[in-house]
Amino acid sequence: MESVIILVFVFGYLAITLEHNIKIDKLIPALVMMAISWALISLGIDSFSQWFDSGNHSLMENFGLLGHEEKMHLMEETLLHHLGKTAEILVFLLGAMTIVEIIDYFDGFSTIKAAVKFNSRKKLLWMFSILAFILSAIIDNLTATIVLISILQKIVKDRDIRIWYAGLIIIAANAGGAWSPIGDVTTTMLWIGDKVSTGKLIIYLFIPSLLCMVVPTFLASLLKPFKGDLELQASDDKPKSKFSSTMLFLGLGAIVFVPIFKVITHLPPYVGMMLSLGVVAVFAEIYSNSKFAISSAVSEEHHEHASHSPVHHSLSKIELPSILFFLGILMAVAALESLGILFGFANNLQDTMPMLGTELHGEGVSDLVVLLLGVGSAVIDNVPLVAASLGMFSEPLDNELWHFIAYSAGTGGSMLIIGSAAGVVAMGMEKIDFFWYLKKISWLALVGFIAGAAAFMVTRAIF
């Protein structure tokens, strides 16, 4: 039965990676894979000899001796445990996405667009890279990519030039997301799972992540597409919301407050995110009732929603397919973890993998293993890779292994356009060709990834 479940996972995974070829959204195979995996576990519960106790992070070797009812009860408890942990991540993401949509409702990001007063291609590249690096650490790399490419489309006319900028935004956004507990789904998973703390994450990963952004941006600035001046889009003179700047800083400040709230209260991050959403929503409702809150430039659809609630409007705009995808993939990985498959895989990996490079503390996991996780995240989605690592390794809070995994999984996905959520959304927004990205951008991402990994090893030796 274990072999059948593994096959279900492999085929489901294959369908996810080939979503653009088979024209089926990746959330569908993720949800089907999750449901079938747990159904097979339920039907074959008596055939399993071991069970992974997620609460205690240990294998139950005597699982096969338990009665059928005891096994079913344990399975239901495990399923509820994983659903709770997954729900923490999803509720957190829902809150963050809603705050960003509320900012956009008030045209808050136009403040950033208004700051572009020059037409140098190189300056524009550095501006977008730095913005992507900073914004992704605050509002997550997926949202930062959406925001910046939306701004880019309003500034740069030539699409052939614009996709170069989009490629570097992907690299910078993924790099920026790696060092912040709220910057990337995978880092958030490690943070919520009590594997990394905010302070140590920043100490270990800020410099490696910065180099991962700076090195590719510097190399790209020497290339032909970024030399000379750029013809910019004419700026429109339409009025904007009177509260756009206020909502931008209020929203970003509210998201930044979440880690502080966790440190003070020791409550799960989603509680702080709900508090932040509530505060932002209050101001959004007050401002939306103001006579001058919504500009005449806002679309008819926007006006239609304006008579109701900016919060309801923002909730209707969030990426629900992404939320359902994360639910499916995380719960599918949880099925493999519960059967002890990931635990066994981790042991085999450590026994057979040559211990190249510096060994990490704890179980002595090779640097090469973690780097391969990073390369793997370019081919497969990094969410299940990190979810798998949570079941594979049992190092304590702030062990350098978790920080290296956060860096590798967060930035390694930049090497292919399908390797990260930021890449996939940029691909959709600008219709970027897979092989164009592979030829023009992938080598820059690889160089940045290696530079950051080397910097992490130096940082680790110091701290």
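The model is predicted, so local features need pLDDT of at least 70 and side-chain atom pairs count only at pLDDT 80 or more, while totals for chains, interfaces and linings use all residues. Residues are numbered from 1 along each chain as its sequence is written, and side-chain values use heavy atoms, with hydrogens and water left out.

**Whole protein**
- You're looking at 22 helices and two strands, taken as DSSP runs (H or I, at least four residues, for helices; E, at least two, for strands) numbered from the N terminus.
- Of the 463 residues, 56% are buried, meaning under 20% relative accessible area with a 1.4 Å probe, protein chains only.
- Accessible surface comes to about 19400 Å², with 66% of it on carbon and sulfur atoms (Shrake-Rupley method, 1.4 Å probe).

**Helices α11 and α12**
- α11 (residues 244-265) packs on α12 (residues 269-288) at about 160 degrees, axes 8 Å apart; axes are lines fitted to C-alpha atoms over the stretch in contact, and angles run from 0 to 180 degrees between N-to-C directions.
- That makes the two helices roughly antiparallel (over 145 degrees).
- The contact (heavy atoms within 4.5 Å) includes L250, I255 and F261 of α11 and M273, L275 and F283 of α12.
- By class, the contact has 15 nonpolar, four polar and one charged residues (Ala, Val, Leu, Ile, Met, Phe, Trp, Tyr, Cys and Pro are nonpolar; Asp, Glu, Lys and Arg charged; the others, Gly among them, polar).

**W51**
- W51 sits in strand β1 (residues 51-53) and is buried, at 0% relative accessible area.
- Its C-alpha is 5.8 Å from that of G340, 289 residues apart along the chain.

Notes:
Parallel < 35°, antiparallel > 145°, perpendicular 65-115°, else oblique. Buried < 20%, exposed > 50% of the residue type's maximum accessible area, 1.4 Å probe, protein only.
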